[in-house]
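Please keep the sequence and the model in view while reading.

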Amino acid sequence: MDKTISSINERILDGEAVVLTAAELKEMVLEGDVPSHEDVDVVTTGTCGVMSGTAAVMHFRVSEPGSFRKAASVHLNGVPAYPGPCPNENLGSVDLFLYGTGHSIHDPDYGGGFLLGDILRGAAVKVTLRSSDGDLIESEISVDELETARIIGTRMAFRNYTALVNPSGKPVKSIFNAVEMPGGWGGLSFSGCGDINPLENDPSMETIKPGTAVLLNGAAGLVLGEGTRSSPMKPNLMLSGDLKEMSPKYIGGFRTAAGPEVFNTVAVPIPVTGERVLENLLVMNSDIKLPVADIRDRSRILGEITYGDVWVGDERPSYSPERCGDCLRCTVAMSCPTHAISPEGVDAEKCFGCGMCASSCPHGAYEMETGDVVIAERRVPVICRQSDRVRANELSVRLKEMIEAGEFLLRGF
Ligand code: SF4
Ligand code: SF4
């Protein structure tokens, strides 16, 4: 008999619900131990990656009431934020929209994603406001002084992506690689968490609907609906959550060759209400096609692989300091997209597992197996993962634990 959201919630409240993470379910499938839909109540899925459609809506006090009439422009640590729609005339406070893709006017390696991470780490943020009368007002804020701060993800958790290579003779700058993509088929970059991704496990959005409760960057979040440019073949989600409840581990900056971007982490529960829902949940990396396109023109498809070809090897790099040649300029530090490299090695909290360090160190001080693929009869190394299955899986484990503890109930409409 099919289950309902209410009957599953009753089992959650009774402490009887059987909850698996998507990674656990895939492991069972690999071992030939496929459960029936009656044996599992909820599967928690997750994804983490560069998600350009990230904005924060904020309200906070800048200065004393009466000190300026309206804000004409505002920068936070040099990153532009956009005042409005409410003008807050003469109140000394501002409503702002901040884009995760905003770039600092002072530092080409700093942007909205890094700023959001810094805010959540409790850093003091420099506010520079130019009023509509031309006055300059400077102050500082920290996370506790943000009266309102919500993330609105206009386009998140995409189901489908395209991997990219550069067949031309010249390097190409783009947001789809941490450094300029080497020419001559010198490397492949890709996004997407494959078989643990929420929309890969519910491709026709039978259970993921407007109002579905999720975890967004560690905070309670909500599906507002389908995201911009979502389509039946390429769905994505519009999500929202309280920034102040989020963890800097799950949201932050990701530097690319075309400027800093922003990454997010999302965990979505799939209620196993019937057989068809479970069938969708049995999708495996090797079933999920990943087209490979020319990075200069992303519509020019050069080949096709699967997520089974790219999610291989190591999750994180290893560092052998004795191999370091103390180069004048450390190419590893310059190419690490999350600023995770320090003289001591890798900051595990910041590392994204992208693999850039291993492919950019001339002395092999950093090592990480990221595999290679064959495209148009050429062997191409995977050099940049723009998604992180470790973070995605970690948040799906957190969601499983919350459901098992009765701290998170399903919401379905
Ligand atoms: S690029 Fe490699 S060898 Fe050179 S300083 Fe950096 S870690 Fe050391
Ligand atoms: S894998 Fe290497 S380059 Fe990538 S985030 Fe981690 S330390 Fe930085």
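In what follows, Ala, Val, Leu, Ile, Met, Phe, Trp, Tyr, Cys and Pro count as nonpolar, Asp, Glu, Lys and Arg as charged, and the others, Gly among them, as polar. The model is predicted, and local features therefore need pLDDT of at least 70 and side-chain atom pairs count only at pLDDT 80 or more, while totals for chains, interfaces and linings use all residues. Residues are numbered from 1 along each chain as its sequence is written, chains are lettered from A and ligands numbered from 1 in the order in which they are written, and side-chain values use heavy atoms, with hydrogens and water left out.

Rolling a probe the size of a water molecule over the atoms shows where empty space is left. On a 1 Å grid over the protein atoms alone, a cavity is a set of points where a 1.4 Å probe fits but cannot get out, and a pocket is an open set with protein on both sides within 12 Å along at least five of seven lines; lining residues have an atom within 4 Å of a point. Grid points are joined across faces, edges and corners, and a volume is the space filled by probe spheres set on the points.

The largest cavity holds about 80 Å³ of space. Its lining consists of 15 residues, and P317, C336, C351, C354 and C357 lie nearest its centre. By class, this lining has twelve nonpolar, three polar and no charged residues.

What takes up the space of the largest cavity? That space is taken by ligand 2, where a molecule sits in a cavity or pocket if more than half of its atoms lie within 2 Å of its grid points. Around ligand 2 there are 13 residues, of which C336, C351, F352, C354 and C357 come nearest; a residue is near a molecule if one of its heavy atoms lies within 4 Å of it. The shell around ligand 2 divides into ten nonpolar, three polar and no charged residues. Ligand 1 has around it C324, G325, C327, C330, T331, V332, C361, P362, H363 and Y366. This shell comprises seven nonpolar, three polar and no charged residues.

The largest pocket contains about 680 Å³ of space. It is lined by 22 residues, and F158, Y161, F176, R229 and R298 lie nearest its centre. Nine residues of the lining are nonpolar, nine polar and four charged.

The second largest pocket has about 410 Å³ of space. Its lining has 22 residues, with D195, N285, W311, E315 and R389 nearest its centre. Here α2 (22-30) and α9 (389-404) give two or more residues, and α2 gives the most, with four. The classes in this lining are eight nonpolar, five polar and nine charged.

The charged pairs come next. The structure has 19 salt bridges, each a side-chain nitrogen of Lys or Arg within 4 Å of a carboxyl oxygen of Asp or Glu. R389 and D195 form one of them, at 3.1 Å from N to O. R389 belongs to helix α9 and D195 to the loop between β11 and α4 (198-201), so the pair links parts of the chain 194 residues apart. D195 is buried, at 4% relative accessibility, whereas R389 is partly exposed at 21%; buried means under 20% relative accessible area, exposed over 50%, and partly exposed in between (1.4 Å probe, protein chains only).

In another salt bridge, the closest N and O atoms of D109 and R255 are 3.0 Å apart. R255 is buried, with a relative accessible area of 8%, and D109 is partly exposed at 29%.

The peptide bond from G84 to P85 is cis, with omega near 5°, and P85 is in the loop between β5 (79-83) and β6 (93-99). N90 lies in the loop between β5 and β6 and has a positive phi of about 65° although it is not a glycine.
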